[in-house]
Amino acid sequence: VGKPTHARWRDLVRTSFLEEIVRRSGEIDVYVISGEEGAPARRAVARTGERVPWSSYGASVAIAVLSTGVAWVLFGRRQLPDVVMIYLLGIILVSLRFGYGPSVCAAVLSVLMLDFFFVPPYLSFAVSDFQHVVTFAVMFVMAVVISRLNLRVRLQADAARYGERRTSELYAMTRELADTRATRNLAAVAVEHLHDVFDANIALLLEGPDGQLDGAGAGEFAFAPEGKEREVVDWVWSHDKPGGLGTDTVPSAKALYLPMRGAQVRVGVLGVVPSDPRRFVDAEQRARLDVFAGQIASALERARLAELAQQAHIQVEAERLRSALLSSVSHDLRTPLSVITGAASALVQTDGGLSADARQYLAQTILEESQRLNRLVRNLLDMTRLSSGVVRITKEWQPVEGIVGAVLERLEEPLRGRTVETNLPQDLPVVPVDGVLLEQLLTNLLENAVKYSPAGTPIAIGARREGSDFVMEIADRGPGVPPDSAQKVFEKFYRAPGAGGGGGAGLGLAICRAIVEAHGGRIWVEPRPGGGAAFRFSIPIEGSPPVLALEETA
Amino acid sequence: MSPSTLLVIEDEAQVRRFLRSSLATGDYKLLEAETGERGLASATTHHPDVVLLDLGLPDMDGIEVTRRLREWTATPIIVLSARGQDQDKVAALDAGADDYLTKPFSLPELLARIRVATRHAEQRGDKTEPVFETGDLQIDRAKRVVTLAGKEVRLTPIEYKLLATLARKPGSVLTYQQLLKEVWGPRYLTQKQYLHVYMGHLRNKLERDPAKPRFLVTEPGVGYRLKTD
C-alpha cells in the first residue's frame, strides 16, 4: 500500500484510505510503502495566469506614486473627489496591465497615500472626519471590484484561447490521421502529435496478427517499454485498464499506459512518458490524453479494418484464380502436353521407322505445342503477378516506336506470312508508360490478333494523340467481336464461343485490361470498318515530359 | 580454328543435357558446373571462351557469380534468366554480364548470342578498328562521322556518343545504367528519360521506319541493343 501524501488534517475530516485498509485487513499484514516525496501537485499548465513577477508590484507602486503626483499638481488638496478619481484610474490601469495581485497592492497604497497627503490632518495616517473613512472604504471596494472583474475577463479570454488551442491541436491530428492510410504511418503521425501536445515520449504498441503486442511507433520521440515497463503494458492490455505512472497500478513506472479502444475492438496500448512526471495528475490533462488516445485508436481501427478487407479481397481473388487455374490445368495445359508427349514418344520409339518428313513434322508439332504451353504459363504467371500486386508500375516518358519495334521483333515467328502495317506519325508524343508492361500489352494484343484472324491476313498497328490521351490500336481482318461480348472478352477466363482450337486460358485480354488500368487508361474493342476487330486502348498523358537541356547540333 | 570452350553454370540437369546434346557438335567444347562455386573454380582452371550463367543457382545468385568472374576475367558472360527474374537480370548485366536470354529459348537464339559474344571477345584484342559497319550504316570513329547508305547523317554530340557507345558492343544489350553512365556521366544514372528521348531522336535520323528498326533495338526494361546482321 502506498503511503498517503496528502495533508494530515484531511484525515481528521475523512477516514483515510490507509486507515480503512488497516482496519478491515483482519489477519492480513499490511505494508506501507512510501513513494518518492515530490513537490505537491501543481497544475501542469498554469491557467490563472503565470506567477506574477515582482516587477509588476514595483510598477503598481510606481503608478500609485505617479497618481499621487498627478493629483497633487492638478487638484491640490481642495478637490478630494477628483483626487480619488485619479487614484482609481491608476488602479484600473494596473489591474488591466499587471493583474489582480498588483492592482490590490495599488489599491492599498492609493488609500494610504490619499490619507497621508490629501486628508487632514495632512502628512499623517490619522483620520479626523469619519466621512473620509467611508471615502476610503468605497474607494478600496471599487478598486477591488474593478480588479476582480478584469481578472475574470482575463481568465475567460485565457480559457477561450486555451480551449481553442486544444481543439485545434486535436483537429490537426485527426485531420492528419484521416489522410494517412497504412498502420505504420498512422503510428508515426500519432507519436509525433502526442509528443508535440503533451511534451512526452510515446510508446505505441499494437496488436499484431498473432495477437501479440508489437511496438509500432518509431522515430526520435518513441520509446520501447522493456522489462518492468513491459509487464505494466501486458497488465494494461490484459485488464483493459490504465496503469503505470499516476494510476493505482505500479505508479512507479516511467510511463502512463492506456488501453486503446476503437469502436469495436481494442487495438493496443499507448504509453506516455511526460517530461514532467506530474503532468497527468491534472484531471484535465488526463481527460485530454484520453480524447487523443480515443481518436488514435479509432483511426488505427479503421486502418486495420481496411487492411483486413483488402486482404480478404486479395484472398477471394486468389481463390478464384486458383480454382480457375485448376480448371485450366486440367484442360488447357493438358492438351499441348498430350500432343508433345505423343509426338516425342513417336520419335523415340519408332526410331528408323519414320520417314524424314514424318520426323520433321513431329518435331515441328512439339515445338509449336511447347510454344503454346509457354504462352499459357506466361499468361497465368503474369495474371497472378498483376493481380497480387507484385508488379509495380514505373512510368517513364518515352517514345513508343521502340517498344513497338521490340514487340514486332519478338513476334517475328508467329507474324510470319502477314503484313504488319504500322501507322505511327512522326510527331508522336513521348508518353508516360511502363515500358515492360506496354511491351506485354502489345504482345498480348498482337498474339490475340494472330490467333483470331486467318493466317496471311494483314494486321495494322496505329497510334495517335487524341486531346490529352494517347490512343493505340491493333486491328485485324478476322471475324470481329460480336457486340454482346465486347465487354466480356476482357474478363478473366472468358473465351470466345467457337474459338476452340487455338485455345489459351482466356487471360491474354484480361492482362491487357489490368495493364491499361494500371496506367489509368481504358481498353475496348470496336468493329473495324471493312471487317475485323479493332482493339483500342487510351492512356492519359498527364504532366509534362522532362525538359532536356538543349543541345546544339554538331 | 579450335572449338570454342563454353562453360555452362546451371543447376538443372535437363537444361545441361539439352545444351550438351545440341552444342557439342564439334564447334563447341562444353564444360558443366551445377553450382556457382564449381563454376567459378572451373572458370579459373579452364579459361572458357564464353560463360552461360543461370540466374537461379542454389548456392549463390548469378549477380554474385558475375561480380566474382569480373574481378579477374573479361570472358563474355551470357545470363540465362526465367520470367520474373527481370531485376536480377538487369543487375547481372550492370555487374558486367554481356547479354541475356530468357528461358525458354531456342537453339538458334542461343547460337546467335554466343556468336555475338565471341566476336566481341576477338575484337577486344585490336580495339583500334576505326570504322564500324553494319548494313548500310557506317560509323567512322576516327573522324566522328556517321553515314547511312553513303550519305552523312548529322548527329549532335550526345547522339553520336550514344551511337558510338552502342557500337562498341554491337549485337549485345547495353543497360540503361551503362549507357547513362557512359554518355551523360555517373550523376545521371536515374535519368532514363534522357536516354529514351535521345534514342527516339537517333532512331528518327537513322531508321526508315522507327517501328521496324534495322539498327537500334529497344529491350524494354533492360536497355538498348545495336543490331548486327
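In this predicted model, helix H2 (residues 36-46) and helix H3 (residues 62-70) of chain B cross at roughly 20°, and their axes come within 10 Å. Axes are lines fitted to C-alpha atoms, for helices over the stretch in contact, and angles run from 0 to 180 degrees between N-to-C directions. H2(B) and H3(B) are therefore roughly parallel to each other. Angles under 35 degrees count as roughly parallel, over 145 as roughly antiparallel, 65 to 115 as roughly perpendicular, and the rest as oblique. The crossing of H2(B) and H3(B) is right-handed. A crossing is right-handed if the near helix is turned clockwise from the far one by less than a right angle, and left-handed if anticlockwise.

On the H2(B) side, Gly36(B), Glu37(B), Leu40(B) and Ala43(B) take part in the contact. They meet Val65(B), Arg68(B) and Leu69(B) in H3(B). Contact means heavy atoms within 4.5 Å. By class, this contact of H2(B) with H3(B) has four nonpolar, one polar and two charged residues. Here Ala, Val, Leu, Ile, Met, Phe, Trp, Tyr, Cys and Pro count as nonpolar, Asp, Glu, Lys and Arg as charged, and the others, Gly among them, as polar.

Chain B as a whole has eight helices and twelve strands. Helices (H or I, at least four residues) and strands (E, at least two) are DSSP runs, numbered from the N terminus. Of the 229 residues in chain B, 53% are buried. Buried means under 20% relative accessible area, exposed over 50%, and partly exposed in between (1.4 Å probe, protein chains only). Among contacts in chain B with a separation of 6 or more, 59% come from residues 24 or more positions apart. The chain exposes about 10,700 Å², and carbon and sulfur atoms supply 49% of that area. Accessible areas come from the Shrake-Rupley method with a 1.4 Å probe; for residues, only the protein chains shown count as cover.

Two loops of chain B hold backbone features. Lys103(B) and Pro104(B) are joined by a cis peptide bond, with omega about -5°. Pro104(B) sits in the loop between strand S5 (99-102) and helix H5 (107-125) of chain B. Ala149(B) is not a glycine, yet its phi is positive, at about 50°. This residue is found in the loop between strand S8 (145-148) and strand S9 (151-153) of chain B. Ala149(B) counts as exposed, at 54% relative accessibility.

A helix pair in chain A was also examined. Helix H4 (residues 80-98) and helix H6 (residues 130-179) of chain A pack at an angle of about 25°, with their axes 9 Å apart. That angle makes H4(A) roughly parallel to H6(A). Their crossing is right-handed. The contact residues in H4(A) include Leu80(A), Val84(A), Tyr87(A) and Leu88(A). Those in H6(A) include His132(A), Thr135(A), Met139(A) and Arg154(A). The residues of this contact of H4(A) with H6(A) divide into twelve nonpolar, five polar and two charged.

Chain A has loop features too. The peptide bond from Pro120(A) to Pro121(A) is cis, with omega near -5°. Pro121(A) is placed in the loop between helix H5 (100-118) and H6 of chain A. Asp240(A), a residue other than glycine, has a positive phi near 55°. Asp240(A) lies in the loop between helix H8 (228-239) and strand S3 (243-244) of chain A. Its relative accessible area is 24%, and Asp240(A) is partly exposed.

Residues are numbered from 1 along each chain as its sequence is written, and chains are lettered from A and ligands numbered from 1 in the order in which they are written. Local features need pLDDT of at least 70, side-chain atom pairs count only at pLDDT 80 or more, and totals for chains, interfaces and linings use all residues, while side-chain values use heavy atoms, with hydrogens and water left out.
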